[in-house]
Amino acid sequence: MQAIILAGGKGTRLRPLTLSIPKPITTIANRPFLYYQLEMLKKAGVEEVILGLSYQPEKIMEVFGNGEKLGIKIRYLVEPEPLGTAGAYKFAESLINRTTIVFNGDILTNIDMAMAVKLHRERNATATIILVPVENPSAYGLVETSTDGKVLRFLEKPKANEITCNTINAGMYVLEPKALSYIPRSQEHSFEYQLFPRLLKEKEPFYSIISKDYWLDIGTNSRYLQANLDVIANKLSLEITRTRLAAWQSAHIDDLSLVDETVNLETNVEITNSVIGANCAIEREAKIKDSVILPNTKIKANVIIEKSIIGENCLIKESSTILKGSVLGNNTSISDFSQIGLEL
Ligand code: GDD
Ligand code: MG
């Protein structure tokens with residue numbers, strides 16, 4: 001089985017983190033995000049994955065190479081200019097000769113794709129789309145279905161008065177090569193705005209599967225933080241190795257937190273429900289809660305950080321307080337006694 005991951009977007013809603021790296025390799029629980037998708041695809045029996053790239057492609061290639069280390073064959077396609085979601089799939093046409101799994105490159109999930117492919121085949125579908133229920137579909141593609149699973153309507157980013165159900169496009173599809181024949185070559189083209197409505201118009205067998213598994217689009221700052229905390233809370237049942245070095249004995253680290261083994265922790269540092277990246281240094285009495293600290297950041301004595309994302313290579317000087325969903329880009333320096341996110 002083959003798969004293509006659409007990993008060429010600019011990740012604008014995840015700035016500042018995505019100014020220096022593309023969204024698919026922002027780290028979730030200290031691992032470049034695409035590892036989670038590649039491992040899941042491998043588990044579903046996929047031997048070969050195409051990564052459809054456009055924004056900062058070489059940075060993604062550097063991380064995964066030819067996939068040898070992961071035991072999965074990875075090929076890269078770099079679009080000359082962004083071709084859109086369906087355009088990226090069409091751009092891979094010469095490499096596609098069988099049923100293909102297509103993933104948006106920002107979905108954290110543990111849905112069983114082998115089961116989805118099986119159902120897709122039993123139904124003789126041209127396209128199968130995975131759906132998930134959400135409270136507010138407005139940021140997603142709304143999908144209406146019939147009781148036998150047929151897709152009846154696809155409406156991308158519906159306005160409030162257009163919301164008729166709670167099932168949305170999970171950004172995961174199983175497609176037959178026939179779907180390629182409805183996509184023009186070398187042109188920007190969208191699954192959501194163009195191909196899916198067209199499949200319905202042409203009366204192609206277009207089916208859905210509603211999943212109740214864990215699912216999250218990591219593409220905004222709040223969901224990126226949530227994805228990190230959900231992984232360490234074991235919501236996806238992934239194996240996580242939590243190191244506790246003897247040198248950290250005088251620090252207080254709760255059972256959930258994930259601290260890279262290269263981190264330096266001084267006495268009475270408190271780390272609760274947080275992820276701390278490689279080579280960070282945290283000085284005495286600092287308290288970090290519900291947060292993600294990216295690699296190479298220095299946190300000085302008595303700092304308090306809560307519910308925030310701190311980029312790489314930052315310097316947070318003594319006794320500063322950073323609260324309530326603050327997001328600091330890479331290389332930010334914060335002076336002593338600063339207050340961010342506090343009520344005055
Ligand atoms: N190769 C390539 N080229 N990839 C692209 C391009 C492109 O031109 N444009 C977007 N992508 C990739 C992004 O990198 C991302 O992984 C994926 O396509 C989806 O783009 P997003 O920008 O994250 O879309 P969205 O989250 O607003 O909406 C999409 O996902 C929702 C689920 O999270 C849609 O598919 C919705 O219908 C869906 O509900
Ligand atoms: Mg997205």
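The model is predicted, so local features need pLDDT of at least 70 and side-chain atom pairs count only at pLDDT 80 or more, while totals for chains, interfaces and linings use all residues. Residues are numbered from 1 along each chain as its sequence is written, chains are lettered from A and ligands numbered from 1 in the order in which they are written, and side-chain values use heavy atoms, with hydrogens and water left out.

Let us start at the metal. The magnesium ion (ligand 2) is coordinated by Asp106 (OD) and Asp217 (OD), at 2.1 to 2.2 Å. Donors here are N, O and S atoms within 2.8 Å of the metal (3.2 Å for Na, K and Ca), and since water is not among the atoms, sites may look incomplete. The pair links distant parts of the chain, 111 residues apart: Asp106 sits in the loop between β6 (100–104) and β7 (107–109), and Asp217 in strand β13 (residues 215–217). Helices (H or I, at least four residues) and strands (E, at least two) are DSSP runs, numbered from the N terminus. Are these two residues buried or exposed? Asp106 is buried, with a relative accessible area of 7%, and Asp217 also counts as buried, at 13%. Buried means under 20% relative accessible area, exposed over 50%, and partly exposed in between (1.4 Å probe, protein chains only).

Next, look at strand β11 (167–175). Of its 9 residues, 9 are buried. β11 runs antiparallel to β6, joined by 4 bridges, and also pairs in the antiparallel sense with β8 over 6 bridges. Two strands pair if DSSP finds at least two bridges between them. Ile101 has Val174 in β11 as its bridge partner, and Pro133 has Thr167. Strand β8 (residues 127–133) also holds Ile130, which is buried at 1% relative accessibility. Among the residues that Ile130 touches, leaving out those up to four places away in sequence, are Ile111, Ile168, Ala170 and Ile209; contact means heavy atoms within 4.5 Å.

Another sheet is an open one of 5 strands, in the order β15-β18-β21-β24-β27, with parallel pairing. β15 (258–259) and β27 (327–328) stand at the edges with a single partner strand each, so one side of each has no neighbour in the sheet. Further in, 2 bridges join β18 (residues 275–276) to β21 (residues 292–293), and Ile276 stands opposite Ile293.

Now turn to helix α3 (residues 57–64), where Pro57, Ile60 and Phe64 are buried. They lie on the same side of α3 because they cover an arc of only 65° around the axis, taken from the directions from the helix axis to the C-beta atoms. Their cover includes β3 (31–32), α2 (34–43), β4 (48–53) and β5 (73–78). After α3 comes Gly65, with a positive phi near 50°.
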